[in-house]
Amino acid sequence: MAERSPLADVDLSDTGDRVTLAEVPFLTQLDVRTSPSSSFPEPGTFRTDELDGEATFIWLGPDEWLVVGPPGAQKRLTERLESGRLESVSDTSVVDVSAQRTTLELRGPGALELLALGCSLDLHPRVFGPGRCAQTTLAHTPVILLQRKHCVTTGEPVFWVLVRASFASHLASWLLDASGDLTAGH
Amino acid sequence: MMLIPCPWCGPRDESEFHYGGQAGVAYPADPGALSDEQWAHYLFFRDNPKGPFRERWSHSAGCRRWFTLTRDTVTNEVTA
């Protein structure tokens, strides 16, 4: 059976000219439980690893991280984790949770404002800069929020929102609706 | 809306948390030796102070960890 992303049927284009919304489907997601070590990011942060190149390590809890990679990399990343940094650590587990969430990417000058309409965290770059992540609620939906980087050409932040598959269409509808409330460009 | 200080995530809205009741209620050392009344006391009876109260909270919409804090039941001020 062909893979089908949770937002395959949702038209994400109608967001006005201040924000762009796109689904990044089928990302590899591995839930890693292990004892804290310096090779994993600190609370509230994530980083794309130099060693594993394609893997992004997101802090979820004091002994829990989400490793995100490109589609189809489950086996490769699991093996690399288990033979590499987890090899010497007992009591660890790596679980494939790729099907649990899909990812929405928000960019553009209105991205921050759009998220702020449904999220109580201070997402201003001085607090929530590149490399920051948080588990919180966006429009009453539990999400993992990432401030990926600032766009090279515009300097504007790029956000990833990881959302459970079953909440994805609700969240997408809310984002599309809320984008109509963004103040006119400035 | 209360702001509750999660030890891992910092201050977050109350709506991200679940309440876990009084902290430090020890499981009976020998449950089989308890009378029904004593068992009911362990299960259902909790302190209800007017003032500081040690209680459990779970950051269920965040890092999903349990922690203990002291909240003043009159002012909702979190002191520890």
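Between chain B and chain A, about 970 Å² of area is buried, and carbon and sulfur atoms give 47% of this. Buried area here is the accessible area (1.4 Å probe) that two parts lose on being put together, summed over both. On the chain B side, select B:Trp8, B:Arg12 and B:Arg65, which lose the most area to chain A, together 48% of what that side buries.

The model is predicted: local features need pLDDT of at least 70 and side-chain atom pairs count only at pLDDT 80 or more, while totals for chains, interfaces and linings use all residues. Residues are numbered from 1 along each chain as its sequence is written, chains are lettered from A in the order in which they are written, and side-chain values use heavy atoms, with hydrogens and water left out.

**The interface**

Display next the residues in contact, that is, with heavy atoms within 4.5 Å: 10 residues of chain B meet 14 residues of chain A. Across this interface there are 3 salt bridges, a salt bridge being a side-chain nitrogen of Lys or Arg within 4 Å of a carboxyl oxygen of Asp or Glu. The chain B side that touches chain A consists of 4 nonpolar, 1 polar and 5 charged residues; Ala, Val, Leu, Ile, Met, Phe, Trp, Tyr, Cys and Pro count as nonpolar, Asp, Glu, Lys and Arg as charged, and the others, Gly among them, as polar.

**The salt-bridge network**

Select A:Arg33, A:Asp63, A:Glu64, B:Arg64 and B:Arg65, which are linked in a network of salt bridges. A:Asp63 pairs with B:Arg65, their closest N and O atoms being 2.4 Å apart. This pair crosses between chains, from the loop between E4 and E5 of chain A to the loop between strand E4 (52-58) and E5 of chain B; strands (E, at least two residues) and helices (H or I, at least four) are DSSP runs, numbered from the N terminus. B:Arg65 is buried at 12% relative accessibility, whereas A:Asp63 is partly exposed at 27%. Buried means under 20% relative accessible area, exposed over 50%, and partly exposed in between (1.4 Å probe, protein chains only).

A:Glu64, buried with a relative accessible area of 2%, forms a salt bridge with B:Arg64 at 3.5 Å between the closest N and O atoms. A:Glu64 also forms one with A:Arg33, where the corresponding separation is 4.0 Å. A:Arg33 lies in strand E2 and A:Glu64 in strand E5 of chain A, so this pair ties together parts that are 31 residues apart in sequence.

**The nonpolar core**

Leaving out residues up to four places away in sequence, A:Ile58 touches residues including A:Glu64, A:Leu66 and A:Leu146. A:Ile58, A:Leu66 and A:Leu146 touch the most other members of the largest nonpolar core, which has 32 residues. Such a core is a set of buried Ala, Val, Leu, Ile, Met, Phe, Trp, Tyr and Cys residues joined through side-chain atoms within 4.5 Å. A second, separate core of 29 residues includes A:Leu106, A:Leu115, A:Leu123 and A:Ala172.

**Two further stops**

Centre the view on A:Leu121, in the loop between helix H2 (111-116) and strand E8 (133-138) of chain A. A:Leu121 is buried, with a relative accessible area of 17%. Apart from residues up to four places away in sequence, A:Leu121 touches A:Ala134, A:Thr136 and B:Arg12.

Finally, select A:Glu113 and A:Arg18, which form a salt bridge with the closest N and O atoms 3.1 Å apart. A:Glu113 lies in helix H2 and A:Arg18 in the segment before strand E1 (20-24) of chain A, so the pair ties together parts that are 95 residues apart in sequence. A:Arg18 is buried at 8%, while A:Glu113 is partly exposed at 24%.
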